[in-house]
Amino acid sequence: MALCMYTTTLLFLLALCAIGGHGEEKQSRGHVSVVVVGGTGDLAKKYLWQGFFQLYLKQVSSGNTFSFYASGQSPKDKAAPIFFGILKAVSCPKDVSDERCAVLKEQFLRLAQYWQLKTLDDYRNLAKQIKNQVQEEGLTEAGRLFYLSVPAFAYADIADNIDTGCRPVGGTAWLRVVLEKPFGHDLRSAQTLASQLGKALRNEEMYRIDHYLGKQVVSKILPFRVENKRFLDPIWNKHHMERIEIVVKETLDVQGRIPFYDQYGVIRDVIQNHLTEVMALLTMPLPAKLSDSEEVLQNKLWLLSSLLPLGKNQAVVGQYQAYQAEVQRELNKTKDHISITPTFAAVLAHMGTAQYEGVPILLISGKMLDERVGYARVVFKNDMFCLQNSYRCKPKEIIFYFGHGSLRYPAILVSKNLFKPSVPEGEWKEVTDHTNVDVLGSPLSDYYVQTPKVQQEAYAELISRIFAGDKNSFISTDNLLASWDFWTPLLESLAASFPRVYPGGADNGDLLDVRLKGKEITYKSDVVFLGPEQVKGESARSFLVMQGTYRSNDMVSAWAEELIERLAFDIQEAAEAAVLRGDVFHMALSGGSTPIALFHRLALHHFSFPWRETHIWMVDERCVPPTDLESNFHNIYQHLLQHVRIPYYNIHPMPVQFKQRLCVEEDMTALLYHEDISRLVNGSRFHFVLLGVGHDGHTASLFPGANAANSENDLVVLTESPVKPHQRMSLTLDAINRAHKVALLVMGKGKHELVTQLSRVKDEPNKWPITGVKPKNGTLVWYIDYDALLG
């Protein structure tokens with residue numbers, strides 16, 4: 001359908017202001033066609049059409065004409081009423097009178113129409129429509145702006161259709177294609193998408209939009225650094241900076257967005273893009289000219305390449321408690337479905353440059369937190385000590401306050417004991433009437449405050465810059481790939497990590513508080529549960545590590561990887577405590593497959609473990625040669641002992657092979673091991689004993705019905721297993737129960753039924769040998785992973 005014909009006066013001919021500077025394109029005056037693909041979607045409804053209406057208001061009477069198209073795959077008769085309902089809801093700024101606003105809105109509606117874009121022919125027909133309109137009205141085409149408000153998987157096909165069927169013809173008209181995040185899921189997918197788009201569009205034609213770069217405070221960071229260069233240059237370095245915090249807190253959940261969000265999570269959704277861009281603006285080298293888009297983008301690229309690699313120890317993740325139910329409902333999953341997508345993350349980054357070496361950069365974001373607020377905060381060291389309360393000893397900081405929170409409006413705040421920033425004439429003003437409000441714990445009166453004279457919505461600001469051809473506020477291909485290159489290793493390392501669950505809102509308390517330890521970040525507090533009844537249900541299965549009780553003894557539970565980390569830490573702690581007392585650390589280890597991950601952890605991550613002061617003993621052994629693959633000692637040697645520096649004479653395999661015979665009772669090999677323990681281990685009390693438990697309730701090689709398990713005189717006995725190889729050697733319950741600490745490691749879904757059963761049975765060592773493990777003057781701790789505990 002052709003646009004209605006009307007006079008140049010009625011159209012309020014629009015024009016672009018001449019734009020100067022390297023990297024910015026001068027606009028040719030003429031007709032501009034704006035096409036919003038996905039023009040009736042949620043983003044278009046909330047922000048885009050309001051932004052394009054504001055662009056229209058700014059450019060009215062300036063020399064160009066416009067057409068506005070909402071497009072999608074729906075037929076016109078269904079989508080057009082929705083589209084015009086959206087347009088009727090746009091609003092004018094406060095300084096526009098009601099009468100003028102009504103006229104402008106009506107004109108805007110007349111310039112707009114819905115156009116179905118589903119096939120290549122649809123795009124070709126749109127091109128004909130634009131060409132015919134330009135010819136009929138005697139206009140010159142200035143350019144075409146396509147805004148892709150659609151899922152990223154559709155970008156490549158749409159770009160191909162634009163390139164093949166709807167690209168401007170001739171050398172003067174420009175083409176600009178706006179891409180909404182996400183720009184990929186990781187480095188590989190971003191590379192693939194970039195390659196696909198590069199076949200259809202030139203780099204200068206693509207505008208990857210990050211709406212945070214349209215926020216007035218964010219876009220002011222670089223100008224502020226330039227305007228206050230003489231104050232900042234001496235202190236913008238590791239000698240004066242204590243830390244940098246970039247925080248976005250939200251109170252809303254993600255209901256309605258689960259199909260997208262559950263694939264991405266908070267790091268991909270917010271931190272990899274928004275917060276990374278803010279970090280770049282704060283720490284990148286200043287360009288010689290702010291108008292030089294190419295230099296700005298190159299300096300960002302340099303910054304991203306200077307960041308130190310991120311590993312799992314540089315992040316903690318969380319998930320609000322109601323998220324599981326939302327996922328199950330919106331994705332139509334059963335109650336057994338568990339999502340480990342994080343809705344909260346705190347990441348600790350560092351730069352490898354001399355300027356910022358050692359300065360921690362905290363990037364934090366999350367849903368369902370206690371308040372809605374966003375800010376970037378540079379905290380400076382304060383070497384003052386005041387005997388009386390003085391402003392000189394208050395925090396020294398610069399806060400780029402994005403909005404909301406206690407202050408309610410965007411602002412830049414500079415501590416009065418730091419310096420008084422300049423406020424150039426223009427769009428910003430100084431706030432002198434300080435209200436009685438605190439900002440991040442300090443009264444507003446402690447700061448010099450400046451704020452925009454007129455608050456502008458981010459999308460409206462960015463749409464204006466796209467129209468002007470200003471690429472400073474958009475993501476280049478090189479910068480996008482550099483960002484993903486930085487974040488992908490961390491995302492891969494967190495892929496199997498279960499986030500800590502938090503209740504949401506003010507109830508979160510200190511659950512999400514973090515502590516920095518060198519270049520690592522951890523949660524400040526443990527999550528503690530008391531009683532087995534509290535480890536059931538959805539909330540329990542969501543915690544990273546929890547403590548409670550099981551069979552009246554201490555219990556630690558977590559997902560497998562975190563559980564192994566905790567157990568390895570506890571073993572090292574016990575070893576260091578023994579050595580500190582002047583003892584030699586004696587540890588008895590079980591064989592089997594369950595502790596292999598623990599052995600790897602000790603060998604590869606615990607370099608400070610006191611191996612030279614440690615003796616390794618066996619809990620039990622199969623009666624096979626020590627080189628046999630079924631040998632417990634062979635297992636321990638292969639996965640642990642050969643990888644650590646432990647003296648060979650500190651290793652004590654069970655003597656199951658003696659005189660070229662295996663476990664012959666007359667050889668009294670059990671007694672030999674008994675005597676070794678009595679001679680070398682003080683009071684025959686091992687410092688640490690690691691046990692497992694079998695499906696029949698056996699532990700070590702003490703099986704149901706084995707009376708030897710109850711021996712009070714022997715430390716070691718020969719036993720019979722119901723499965724091959726039948727003959728075994730094992731520590732007795734008496735030897736186990738003398739230990740200072742006994743750890744019972746239970747892992748895997750296959751042990752869930754056993755864990756449930758053991759929680760109900762009484763102490764019957766002959767029937768359930770595991771129930772006979774009761775250290776007399778020591779402690780028993782159950783280490784049970786979530787698969788075993790919760791099934």
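## Disulfides and aromatic contacts in a predicted model

F108 has a relative accessibility of 0% and therefore counts as buried. The structure described here is a predicted model.

**Aromatic pairs**

The partner of F108 is Y56, and the two rings form a tilted aromatic pair, with 5.8 Å from centre to centre and 40 degrees between the planes. Y56 belongs to helix α2 (residues 42-59) and F108 to helix α4 (residues 98-110), so the pair ties together parts that are 52 residues apart in sequence.

F231 is partly exposed, at a relative accessible area of 25%, whereas F419 is buried at 7%.

**Charges over rings**

Two lysines are placed over tyrosine faces. K215 lies over the face of Y212, 4.9 Å from the ring centre. K471 lies over the face of Y207, and here the distance to the ring centre is 4.7 Å.

**Disulfides**

A disulfide is a covalent bond between the sulfur atoms of two cysteines. The model contains 2 disulfides, listed below.

| Disulfide | S to S distance | Torsion about the S-S bond |
|---|---|---|
| C92 and C101 | 2.1 Å | about 90 degrees |
| C623 and C663 | 1.9 Å | about -90 degrees |

What handedness does the torsion give the disulfide of C92 and C101? The torsion about its S-S bond is about 90 degrees, so this disulfide is right-handed. Both C92 and C101 are buried.

For C623 and C663 the torsion is about -90 degrees, so the disulfide is left-handed. C623 sits in the loop between β27 (620-622) and α18 (632-639), and C663 in the loop between β30 (661-662) and α19 (669-680), so the pair ties together parts that are 40 residues apart in sequence. Both C623 and C663 are buried.

A further cysteine, C166, also counts as buried, because its relative accessibility is 0%.

Terms used
Residues are numbered from 1 along each chain as its sequence is written. This is a predicted model: local features need pLDDT of at least 70, side-chain atom pairs count only at pLDDT 80 or more; totals for chains, interfaces and linings use all residues. Side-chain values use heavy atoms; hydrogens and water are left out. A disulfide is a pair of cysteine sulfur atoms within 2.5 Å. Buried means under 20% relative accessible area, exposed over 50%, partly exposed in between (1.4 Å probe, protein chains only). Helices (H or I, at least four residues) and strands (E, at least two) are DSSP runs, numbered from the N terminus. Rings of Phe, Tyr and Trp (its six-membered ring) pair if their centres lie within 6.5 Å; planes under 30 degrees apart count as stacked, over 60 as edge-to-face and the rest as tilted. A charge sits over a ring if NZ of Lys or CZ of Arg is within 6 Å of the ring centre and within 35 degrees of the ring normal.
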